[in-house]
Amino acid sequence: MTSPEHRRPGSGRRTHRDRHGRGLRGRLVPATVPLARTKAEVFDDLVLDTVEALERRFAKELAGVEFAVEDVPPDLNVYDSDVLEDGEVPLARLLPGRPGRQEMPPRIVLYRRPLEFRAMDREDLADLVHDVIIEQVANLLGVDPDELA
């Protein structure tokens with residue numbers, strides 16, 4: 001049996017993790033600095049902030065309502081009245097629930113890319129997301145949007 005000092009290079013276990021002998025790197029970002037967030041994550045947070053504020057005030061009315069985010073609207077030639085549009089581009093859609101055998105809860109879908117395209121900066125996007133959600137919830141509940149804002 002040979003001692004560890006007399007082993008040939010390449011035989012046995014490697015003692016180094018990389019060719020420079022430094023090992024694996026640690027975190028690339030210090031623990032005190034927030035990690036970079038994608039546009040989709042930022043958008044989801046904006047939606048969540050508005051929905052949570054509404055659910056605190058209207059918990060009973062919004063119980064069971066689902067909120068979703070899709071990147072782009074589906075390709076349809078004609079949109080129903082349940083779609084909030086800016087010109088010809090849908091920004092959000094309200095899918096009312098269907099009672100019965102296949103009970104489906106009401107669902108509000110926001111389209112991320114059209115909303116981001118219309119916003120100048122993050123604050124503008126937050127206001128736009130808030131306004132669109134308020135508009136769709138008001139349509140769902142059958143009230144004036146000013147009552148929810």
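## Sheet and helix packing in a predicted model

Leu94 stands opposite Ile108 in β4, where strands (E, at least two residues) and helices (H or I, at least four) are DSSP runs numbered from the N terminus. This is a predicted model, in which local features need pLDDT of at least 70 and side-chain atom pairs count only at pLDDT 80 or more, while totals for chains, interfaces and linings use all residues. Residues are numbered from 1 along each chain as its sequence is written, and side-chain values use heavy atoms, with hydrogens and water left out.

**The sheet**

Four strands form an open sheet in the order β1-β4-β3-β2, with mixed pairing; two strands pair if DSSP finds at least two bridges between them. The edge strands, β1 (66-70) and β2 (83-86), each pair on one side only. On average, and with direction ignored, neighbouring strands of this sheet are turned by 15° against each other; such angles run from 0 to 180 degrees between N-to-C directions, with axes fitted as lines to C-alpha atoms, for helices over the stretch in contact.

| Strands paired | Sense | Bridges |
|---|---|---|
| β1 and β4 (residues 107-111) | parallel | 5 bridges |
| β3 and β4 | antiparallel | 4 bridges |

Strand β4 is mostly covered, with 4 of its 5 residues buried; buried means under 20% relative accessible area, with a 1.4 Å probe and protein chains only.

**Helices on the sheet**

Helix α1 lies across β1 and β4 and runs at about 165° to β1. Helix α3 lies across β1, β2, β3 (89-95) and β4, running at about 40° to β3.

**The contact of α1 with α3**

The axes of α1 (residues 39-57) and α3 (residues 122-141) come within 10 Å and cross at roughly 45°. The two helices are therefore oblique to each other, the class left after roughly parallel (under 35 degrees), roughly antiparallel (over 145) and roughly perpendicular (65 to 115). Their crossing is right-handed, meaning that the near helix is turned clockwise from the far one by less than a right angle.

Contact, defined as heavy atoms within 4.5 Å, involves Val42, Phe43, Leu46, Val47, Thr50, Val51 and Leu54 of α1. From α3 come Arg122, Leu125, Ala126, Val129, His130, Ile133, Ile134 and Val137. These residues divide into 12 nonpolar, 2 polar and 1 charged; Ala, Val, Leu, Ile, Met, Phe, Trp, Tyr, Cys and Pro count as nonpolar, Asp, Glu, Lys and Arg as charged, and the others, Gly among them, as polar.

Methods. Buried means under 20% relative accessible area, exposed over 50%, partly exposed in between (1.4 Å probe, protein chains only).
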